[in-house]
Amino acid sequence: MKPLFVKGPSIGARFLILSTIALVLIFAGQRFGWVKDLQANLSIVATPFYWVGDIPSKISEWSDENIRSRKTLIADNERFTAESLLLKAQVQKLASLEAENVRLRELLNSSAILDDSVLVAEMVGVSPDPLHHQIIVNKGKKDGLYVGQPVTDALGLMGQIIEVGPLQSRVLLITDASHALPVQINRNGVRSVAEGVGLFHELILQHVAATTDIKVGDLLVSSGLGQRFPVGYPVAVVTEVTIDPGQAFAIVKAKPSAALNRSRHVLLVFSNRREGSAAVEPE
């Protein structure tokens, strides 16, 4: 029976044999030129083996580089996305601030041409009831406000104060269904009363005779009757005049001049006339 394990030469013997072969090759390479040619040819033959042997390291390098590049790209993309969102938010904030500055400049410019003293206030609240057009401003008794005080923005009359607190006040807008104010056509001085109908974009003029000289585009201003609103403040622009031949009165609609549902800053007008009653007392 053939033995399972065959005992070969010892390690020391193998080392001695290989050392001897190496020395012989070195000596032959120094004495004989053909050995150098043989070595060159052998190196050419061995080159593919070097390439094959180097493949794992190349694959490893390529994998590390691409994985690192992909991770870097993902991280850069996340960073750029965050920076883009931040910049967009800053641009929106700047746009908002710029628009607010424009509104404040318009407000201050409008206050410069008024005869009455004014105070700038900021809207801090609105009525949650859609049937009541009311806002809250951040001024009160400590600022000298009083019930019935006119409120405007840069474009026209907004309403009047109906409740004054220590630090805040409530304003009834001219579009509220319970509000009415005396107006006159700026073009010819014809007087009427503009009433709110519960819509921010519309007022109506009641009891306008069908023969009245009024037309679309006419500017309506406060007439001063009732001694609540000063004379000459823009109120609305006529948008519709409907005359029915069978009716004695025309149907006249107007759009408020003030940005009632958009203004954030308002002017509180300190008129010299604090006494007297309005044309229609607010509820």
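Strand S9 (residues 219-222) pairs with strand S10 (residues 234-242) in the antiparallel sense through three bridges, strands being DSSP runs of E with at least two residues, numbered from the N terminus, and pairing requiring at least two DSSP bridges between two strands. Within this pair, Leu219 is set opposite Val237 of S10. S10 is also joined to strand S11 (residues 249-256) by six bridges, again antiparallel, and Val238 has Ala254 of S11 as its bridge partner. Six residues separate S10 and S11 in the hairpin that they form.

The model is predicted, with pLDDT of at least 70 needed for local features and 80 or more for side-chain atom pairs, whereas totals for chains, interfaces and linings use all residues. Residues are numbered from 1 along each chain as its sequence is written, and side-chain values use heavy atoms, without hydrogens and water.

Five salt bridges were found in the whole structure, each defined as a side-chain nitrogen of Lys or Arg within 4 Å of a carboxyl oxygen of Asp or Glu. In one of them, the closest N and O atoms of Arg264 and Glu122 are 2.7 Å apart. Arg264 lies in the loop between S11 and strand S12 (265-270) and Glu122 in strand S1 (residues 117-126), so this pair ties together parts 142 residues apart in sequence. A salt bridge also links Glu163 and Arg170 (3.7 Å, N to O).

Gln134 lies in strand S2 (residues 134-137).

Terms used: Helices (H or I, at least four residues) and strands (E, at least two) are DSSP runs, numbered from the N terminus.
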